[in-house]
Protein chains: 2
Amino acid sequence: MGVLERLTELGSKVEAALEKYLLMDTDPEFREAVLYPVRTGGKRLRPALTLASALAAGGGVEEAIPAAVAVELAHNYSLIFDDIIDHSEVRRGHPTLWRKYGVTTAILVAVHYRESISQALNDTRDPKLFEAIMARTLKLLVEGERLDVLFEQAGRSDEPYVVERRRSVVTLRDYLDMVYKKTGALIEAACVLGALSAGAPPDLVEALSSYGRNLGLAFQVGDDIIDIFGREEKTGKKVGKDIEEHKLGNVVVLLALEELPADARGELLSILRKERLSGQDVERALKLISATGARQRAEEMRRFYAGAAREALKPLPDNEGKRLLLELTDFVAVREF
Amino acid sequence: MGVLERLTELGSKVEAALEKYLLMDTDPEFREAVLYPVRTGGKRLRPALTLASALAAGGGVEEAIPAAVAVELAHNYSLIFDDIIDHSEVRRGHPTLWRKYGVTTAILVAVHYRESISQALNDTRDPKLFEAIMARTLKLLVEGERLDVLFEQAGRSDEPYVVERRRSVVTLRDYLDMVYKKTGALIEAACVLGALSAGAPPDLVEALSSYGRNLGLAFQVGDDIIDIFGREEKTGKKVGKDIEEHKLGNVVVLLALEELPADARGELLSILRKERLSGQDVERALKLISATGARQRAEEMRRFYAGAAREALKPLPDNEGKRLLLELTDFVAVREF
């Protein structure tokens, strides 16, 4: 079995507990909507990371399950709101929660998710510490999402906050800061909470923290590459969605802008700043980007962070958990979907 | 000083801590939006209840401040979402958060509030227990809001969940269940967390729990009365807003429907079920309601719950905290704003 299959198998061990916490203090009439986000897919990659980290730190799967559930719920919690914020209508081949039931229900389900996180964390080895880590992580996610939206170059004319604070310049450093908060922090927390569930000593917790942080960056850079250069038959996703959404918060776009001569640079920016992009606009943007070395540099970047994640694992003892985490870095370094 | 002034003075003791927890892990650029909801007013009634309950249980104010902050944040957290859900544009004489900054920012601020709750609870006497109580309470709030929306008789045509499950019949029992969840549960939690902050024994915790539950019901019945019969010069609010919002979840409306003869009953229901109500419609509804004994029965009801709250305080020792809580029941029983 490949690493993805083994991680999926590991992640599937949270299913029962996931539904248990979601259904705590839940009216029967509300159940269908509450379960919809977790029943319409999701690879359970983050809880698998929690469980693999617990194994890697010398612990067992069972004791890490409440933390793994909390991490998967946090991921879904953020997706419910992201889909409302981005007006996204489809996720994992199904209508998004707000599209299916309405915005009111989606908001209520999301709030319910946050309390299920809390209820899961209450069953961990150290609720006070785990809750403190989760609170900090979710504040980082908020900040990452705020920045990602401010990095958009058009749209949201009904959002005074965004219109007034929009960034016309985004540096690579701004990008990395945003991406760590939006994606890296939760993957880091997934690994840290796994290590802590196993009662790991500080040096191993720190090793897994660094692993998660770097893996998260590699993962998001990969997502950015796939968004621009992916092939729809592999990804099931539309190519160039980030361009359509006016995003400067895609590293491939950023690196291309760095390289392009002034006139082409201006053209790419003006496409990103159009209120409504046509298919031709997106194609033209992709063509401008393809003429640069952005793809290659982005690929180097994700290999760099995947390598840093691999390196971070050195202090850990050799075992099945560590092997899984190592193989995952190889996969993340090259994945095309 | 009247009871309201003394409670406001007590509640004002949370201001500094409120901002401290809200500003934890917060980017400077985000501060203005984060502080907006708590800086545009609010009577701090709930945190005052937490502090008064701690005093009533023989404890001090200082040790109950983190819990009081958590309660006030929970109240604001729910209001941010309620205003989005109800498309409300004004609160406390200011634009609502979403109206001022946009829906994206309002959602991000709300998520940030929930994590500040968690950070405040981390500084309480028993974070694991306090967080468990908060999680259960917020799940109840979600359920109360869900029911309140399902009790509306029109609107939300873009919300399939609501349209399909809307209740055409709402009993007094349904109402009390909804109102306990929407309003009573958080006021109950405010009192319970105060008692627990003081290290109160189980019988006093139970007494303050019962006090909060009943006070919350009296409070919400009062809100319903004021919505229908209030005088704008006293309340600063428009009369009949619940009717405009198609609500069966107002006890005065429910009691009126019970009494009205079939044809008038049909007329009142058909007004509530109009997609858009004119000023004349609202006036006509108010006239139909005024012809019944609904007002008097609702007044009896709030006196009943205020009395039950007063009764619940019996086991508590006589002190300044208890005196405040007692006086509050008298105020809540008759307030006109």
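**Note on a predicted two-chain model**

1. Start at the rotation axis. Of the residues of chain B, B:Lys128 comes closest to that axis, at 3.1 Å for its C-alpha. The same surface serves both copies, since 100% of the contact residues of chain B recur in chain A. Keep in mind that this is a predicted model.

2. How do the copies relate? In general, two copies of a chain are related by a rotation about an axis and a shift along it. Here, chain B can be laid on chain A by a turn of 180° and a shift of 0.0 Å along the axis.

3. Now the contact between the chains. Chain A gives 40 residues and chain B gives 40 residues. On chain B, four helices each supply at least two residues of the side that touches chain A: α5 (65-85), α7 (103-121), α8 (127-150) and α9 (160-165). Which of them gives the largest share? That is α8(B), with 13 residues. By type, this side of chain B has 19 nonpolar, seven polar and 14 charged residues.

4. Next, the overall form of chain A. The chain has 18 helices and two strands. Its C-alpha trace spans about 60 × 50 × 35 Å along the principal axes. For 337 residues, a compact globule would have a radius of gyration near 20 Å. Chain A has 20 Å, so the two values agree.

5. Look inside chain A. Buried residues make up 55% of its 337 residues. Take the contacts between residues at least 6 apart in sequence: 75% of them join residues at least 24 apart.

6. The nonpolar core deserves a look. In soluble globular proteins, nonpolar side chains tend to be buried together. The largest nonpolar core in this model has 229 residues. Which residues have the most contacts inside it? They are A:Ala195 and B:Ala195. Leave aside neighbours within four places in sequence, and B:Ala195 is in contact with B:Ser53, B:Ala54, B:Ala57, B:Ala200, B:Leu204, B:Val205 and B:Leu208.

7. Two residues of chain B call for a check of the backbone. B:Asp25 has a phi near 50°, a positive value in a residue other than glycine. B:Asp25 is found in the loop between α2 (15-23) and α3 (31-39) of chain B. Is B:Asp25 buried or partly exposed? B:Asp25 counts as partly exposed because it has 17 C-beta neighbours inside 10 Å.

8. The other residue is B:His246. Its phi is positive, about 65°, although B:His246 is not a glycine. B:His246 is placed in the loop between α13 (241-244) and α14 (251-259) of chain B. Why does B:His246 count as buried? Because 20 other C-beta atoms lie within 10 Å, and a residue is buried at 20 or more.

Methods:
Residues are numbered from 1 along each chain as its sequence is written. Chains are lettered from A and ligands numbered from 1 in the order in which they are written. This is a predicted model: local features need pLDDT of at least 70, side-chain atom pairs count only at pLDDT 80 or more; totals for chains, interfaces and linings use all residues. Two residues are in contact if their C-beta atoms, placed from the backbone, lie within 7 Å. Ala, Val, Leu, Ile, Met, Phe, Trp, Tyr, Cys and Pro count as nonpolar, Asp, Glu, Lys and Arg as charged, and the others, Gly among them, as polar. A nonpolar core is a set of buried Ala, Val, Leu, Ile, Met, Phe, Trp, Tyr and Cys residues joined through C-beta atoms within 7 Å. A residue is buried if 20 or more other C-beta atoms lie within 10 Å of its own, exposed if 12 or fewer, and partly exposed in between; C-beta atoms are placed from the backbone. The radius of gyration is taken over C-alpha atoms; the globule rule is 2.2 Å times the number of residues to the power 0.38. Copies are superposed by least squares on the C-alpha atoms of residues with pLDDT of at least 70 in both.
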